[in-house]
Amino acid sequence: CWTPAATMADPPHRSLPDEITIWEILVRLPPKSLLRCRAVCRAWRSATSARRFLLAHHALQPTLPLLYGFNFVGDEVQSLDIIPFHQRAGAGQLQLRPVARLEQDSDFHHLEACCDGLLVLSFRNTSVRDWRFAVCNPATRQYAPLPMAYGSGVEYSLLGMYPHIPTGDYRLLMYRASALMHGELVPAAAQDGSYIFTLGSGQPPMHIGFLDAEVLTYTFGSLLFRGSLHWRPPGNMIMVFDTTTELFRQMRAPVVLGHAKLFQMDEMLGMSGFNDGGTTIDIWMAQDYERGVWACKYRVEFSVADLTLRFGKFDGSSWVVAVPWDGDVLLLVNFGEWLLHVDIGGKLVATFHRKGLGPANLQLKQTLVQHTFFPTLEGYVANSAPFI
């Protein structure tokens, strides 16, 4: 683990047992730092490349709110930054460090879903004028388009991503609807409804029916909680999809006015409700998940008028996302060209000025685990475009 040039003293790591160096120190490092440490010696490289180590490393990574940041040259979007938000990073814009940057040349990427450090993106290829999906791992810089287009008479909407525990596969839950062209329904060979697509299977999406899932395409994404995907469609119910049985069910939801989003905090299901007037955010927690018993934990009030004077217009494109943090909740507010961090008392904690920056209502837990499905996908690349 050392070279003849290091003759004055043993390297610092030689004084510690491997059990401590590898399983107490290296296993807790961020992915980029761990990758640098692999260059120290072959023993470290071998130990930190083993699947058992990578799974333990992933388990110890923090789960962080995910931001997106479009980078502009003039009015043109040149790239997309994938940015985990860390409260201790400080209030400076330069502290919002991306874990990956994707070029936006002919393809225009949007974040759609996140699961176990994997991201699903949608992208529009301007040369063929249709929308497609891709999966990527920002930590390993692996990327592959998925063989599902939506357009040309058929539209696939992504409802969620999940690990299928019985098989060890990663799957996408989709909704397919035949499109209207020139006012007429385009005939499709397959049925409309819900579909399951298994990454790397080589099989087309499997139809599972449930046409009522169409309403889920209008929600703010899904939340994977206790082995099930959850959505908050309009109304007073939460739609739940058990990822083991792959069946839908419903559970009770609190009466929340305005825009409602789900989140998880301390093994509890939470929901934030943001009223249309832009002045109040209610934070609800499920006190009894099985029985659907909810309680309003916080009501956060802030002055949109005051914030408008300082940061610009708050409109329908603005976002408010409640995210868990150290046993509590913080709020990320997309306000004009500003991203605001507001605490549960309505106090403005930090500001970040950047055009095209906003919260994604997703959380990233980075992973260096190698997944076998990536090389099976046509168009797979590693450490190459569209990564910059």
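Predicted model: local features only at pLDDT ≥ 70, side-chain atom pairs only at ≥ 80, totals over all residues.
**Sheet.** I looked up the strand order first. Four strands make an open sheet, in the order β22-β23-β24-β25, with antiparallel pairing. At the edges I found β22 (319–325) and β25 (348–353), each of which pairs on one side only. From one strand to the next, the twist averages 20 degrees.

I then went to the pairing of β22 with β23. Strand β23 covers residues 328–335, and seven antiparallel bridges join β23 to β22. For Ala 322 I noted Leu 331 in β23 as the bridge partner.

**Helix α5.** Next I checked what packs on the sheet. Helix α5 (residues 304–311) does, touching β23, β24 (338–342) and β25. The direction of α5 makes about 55 degrees with that of β23.

Which residues of α5 are buried? I listed Val 304, Leu 307 and Phe 311. Seen down the axis of α5, these buried residues fall within an arc of 65 degrees, so they line one face of the helix. Their cover includes β23, β24 and β25. On the other side of α5 I found Ala 305 and Leu 309 exposed. Just after the helix, Gly 312 has a positive phi of about 105 degrees.

**Trp 131.** I looked up this residue separately. Trp 131 lies in strand β6, residues 130–137. I recorded a relative accessible area of 26% for Trp 131, which means that the residue is partly exposed, since buried would need under 20%. Trp 131 and Glu 155 are 24 residues apart along the chain, and their C-alpha atoms are separated by 9.0 Å.

Conventions: Residues numbered from 1 in each chain as written. Heavy atoms only, no water. Pairing = 2+ DSSP bridges. Helix = DSSP H or I, 4+ residues; strand = E, 2+ residues; numbered from the N terminus. Axes fitted to C-alpha atoms, helices over the stretch in contact; angles between N-to-C directions. Contact = heavy atoms within 4.5 Å. Buried < 20%, exposed > 50% of the residue type's maximum accessible area, 1.4 Å probe, protein only. Arc of directions from axis to C-beta.
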